[in-house]
Each structure stands twice: as structure tokens, then as C-alpha cells.
Amino acid sequence: MSGFVEKPEPLQVPGLVHLHTGKVRELYRNEAGDLVMVASDRMSAYDWVLPTEIPDKGRVLTQLSLWWFDRLADLIPNHVISTELPEGAPAEWEGRTLVCRSLRMIPVECVARGYLTGSGLVEYEANRTVCGLALPEGLVDGSELPAPIFTPATKAAVGEHDENVSYEEVARQVGAETAAQLRQSTLAVYSRARDVARDRGIILADTKFEFGHDEAGGLVLADEVLTPDSSRFWPAAEWEPGRAQSSYDKQFVRDWLTSPASGWDRHSEQPPPPLPREVVEATRAKYVEAYELLTGTAW
Ligand SMILES: Nc1ncnc2c1ncn2[C@@H]1O[C@H](COP(=O)(O)OP(=O)(O)OP(=O)(O)O)[C@@H](O)[C@H]1O
Ligand SMILES: [Mg+2]
């Protein structure tokens, strides 16, 4: 079992048509035909959208994405049109709302990895490859790769795992030219971001981008970028290959959910329980810390 513990009821705003409830974002279309993306404070873990929100999380994700979009603008166009609140939107939407170009999304999760961990590590341990790419012997959990790699995945529905696919499979699905552009842009953006993060004492282990095509067929960077939800950030000072690295975001939540204190068995059919206040507070602090460390400005 997985999915939403409690299915959220999207807010209705006159002049906006509600299109979609994502795990984290609500999508609307405005009268100009643009997309209005509102990041909620919802949090997901172990394929569940949890019943407890993390206050300000959606604002942190939105502001961090905006900060990165600015720093990447010379590499690739992005989907942001403005941060102006649509007329009639609640004050609660302030800071978490983006008006974006409505794109034809390319159904590939464009993952770049500079370090080995997670599903990449699992595949590497089985056959010394990640997404079919051969890697050298001797790498362990947290090792830096010889060079960043493009490890695409298919986009799964809420409650399902994304599945790693080979580059050839992506080329079959979206065409060779688009696949090549996705790989090139993903690696270029990752490499820029990795260097920016490194200067601030943060390792960008891996990250996921989503791209779309605009009306002219140009490739545009969409969705959120380089947030703790879409990336693994590790404190560089604590980096030690050979063990699981502590991460900036969901560690408290994951640790608590899998501890006896939660009373929850993640392999059961039961939905996860609400988070205790300490876990919510600690998690919020981690999101804020990631924002402050990366941007160098106080939240
Ligand atoms: N510029 C854009 N044009 C069209 N769709 C976009 C754009 N930017 C992001 N999206 C889509 O908006 C949604 C963002 O919502 P969210 O991240 O909460 O969803 P998700 O759980 O990742 O995926 P899903 O929508 O499948 O539930 C994603 O489906 C993403 O592909
Ligand atoms: Mg998403």
C-alpha cells in the first residue's frame, strides 16, 4: 500500500482551473493559459504522502528553486514567468506560488549522479553498472564517481517507485535527438550546481530534473530544481564513503517512521501515523538550514 494517507482537497480560486494534485504541488491553469504551481507543505516518505505537513516546506522549496533558476539561466531557459499571486489567491499562497509556462512535459525523470548511493548503489552492487553504465570496481556507498552520469528513470504514479531505465530506452521513448539534449542539459546543470554547492560545504550527491518542450520545440527546465526533495545534499564535512551519509531533509522522518516509537511497519498495508511535533520541528529546521547554507541568506 502507498499513496496519500489523506487525499488533499485542492483550494478553488475563481479564474483558476484546478488541473492536478501532485504529491507536493497543486497545479492550476490561469485565464492566460499559463500554469500556476502551488507548493504545499506536504511531505512524502516511503512512497506515502504523510498525514502531517512540515510548515513552510513549500515556501522553502519554491524560493530555493527560484534561486537556482537564476543561477542556471545562462545554461538553459526555465519555465518561470512570475511569482505574482493570482488575483483572489489566499495569502497562504504567498511565497509558494509560481506562474509558469505550460509545457509539453517529457516523461523522463532526468537524474544526474555524481556519487553512488540509493538505487544506483543497489544496481552497482549487483552488476557494477548504474542504468546499464559500467562503473569501475571498488566503489562503496557514498563514493564519488569518476565523472557525473545521466541515470534516467521513468516517472511513476503516486505511490509507485520510479524505475531506472537505460539511455537507449529513453532514446526509444522520446527520440534520439531529445534524449541527447536531456543528457547534455542534465549533466551541464548538475555540474554547475555541484560546484556552487561545494563552495558552500554541501555535496550534491544526485538530483532529478524534469524538462518540457515549449511551443517552438525548445527544451525548457521545469518543475522544481535542486531542492532537498529532488536532490541528495550531504554535509561535506561529514562525508565518509562506506556508510550511509546523513542527508539534509528526510532523515529525521525516515528514522522516526522506522523506529519502534512510530509503531509503524513500512512493509505492512497500514498507512504511516502522524509525525510528532519534535520530528516536524527538526525536519522544518533542516529544510531551512539547506536553504540558508546554499543561498547564504537568512530564512
Ligand atoms: N512547466 C510545466 N508544465 C507542465 N507541467 C509541469 C511543469 N512543471 C512541472 N510540471 C508537472 O507538475 C507536477 C508537479 O507536481 P508534484 O511535484 O507534486 O508531482 P509529483 O508527485 O512529482 O508527480 P505527479 O504529478 O505525477 O503526482 C509534476 O507532474 C510535473 O511534471
Ligand atoms: Mg514532483
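These exercises work through the sheets, helices and domains of a predicted model.

Residues are numbered from 1 along each chain as its sequence is written, while chains are lettered from A and ligands numbered from 1 in the order in which they are written. In this predicted model, local features need pLDDT of at least 70, side-chain atom pairs count only at pLDDT 80 or more, and totals for chains, interfaces and linings use all residues.

**Exercise 1. Find the strand order of the five-strand sheet and name its edge strands.**

Step 1. Strands (E, at least two residues) and helices (H or I, at least four residues) are DSSP runs, numbered from the N terminus. Two strands pair if DSSP finds at least two bridges between them.

Step 2. Read the order. The sheet is open and runs β2-β3-β4-β8-β7, with antiparallel pairing.

Step 3. Locate the edges. They are β2 (17-21) and β7 (80-82), and each pairs on one side only.

Step 4. Neighbouring strands are turned by 35° against each other on average, direction ignored.

**Exercise 2. Trace the two hairpins that β3 forms with β2 and β4.**

Step 1. Start with β2 and β3 (residues 25-29). Four bridges join these antiparallel strands. Three residues lie between them in the hairpin.

Step 2. Check the partners. H20 has L27 in β3 as its bridge partner. T21 stands opposite E26 in β3.

Step 3. Move on to β4. Five bridges join β3 to β4, again in the antiparallel sense. L27 stands opposite M37 in β4.

Step 4. Inspect the turn. This hairpin has five residues between its strands, and G33 in the turn has a positive phi of about 90°.

**Exercise 3. Which strands does helix α1 lie across?**

Step 1. Helix α1 (residues 57-72) lies across β4 (35-39), β7 and β8 (97-100).

Step 2. Its direction is about 125° to β4. Axes here are lines fitted to C-alpha atoms, for helices over the stretch in contact, and angles run from 0 to 180 degrees between N-to-C directions.

**Exercise 4. Describe the packing of α3 and α4.**

Step 1. Get the geometry. α3 (residues 167-174) and α4 (residues 176-199) pack at about 130°, with their axes 7 Å apart.

Step 2. Classify the angle. Under 35 degrees is roughly parallel, over 145 roughly antiparallel, 65 to 115 roughly perpendicular and the rest oblique. α3 and α4 are therefore oblique to each other.

Step 3. List the contacts (C-beta atoms, placed from the backbone, within 7 Å). Y167, V170, A171 and V174 in α3 meet A176, T178, A179, L182 and R183 in α4.

**Exercise 5. Describe how the chain is divided and how its domains meet.**

Step 1. The chain splits into domain 1 (7-102) and domain 2 (104-238). These bounds come from an automatic or database domain assignment.

Step 2. Their centres, taken over C-alpha atoms, are 22 Å apart.

Step 3. The contact takes 16 residues from domain 1 and 21 residues from domain 2.

Terms used
Contact = placed C-beta atoms within 7 Å.
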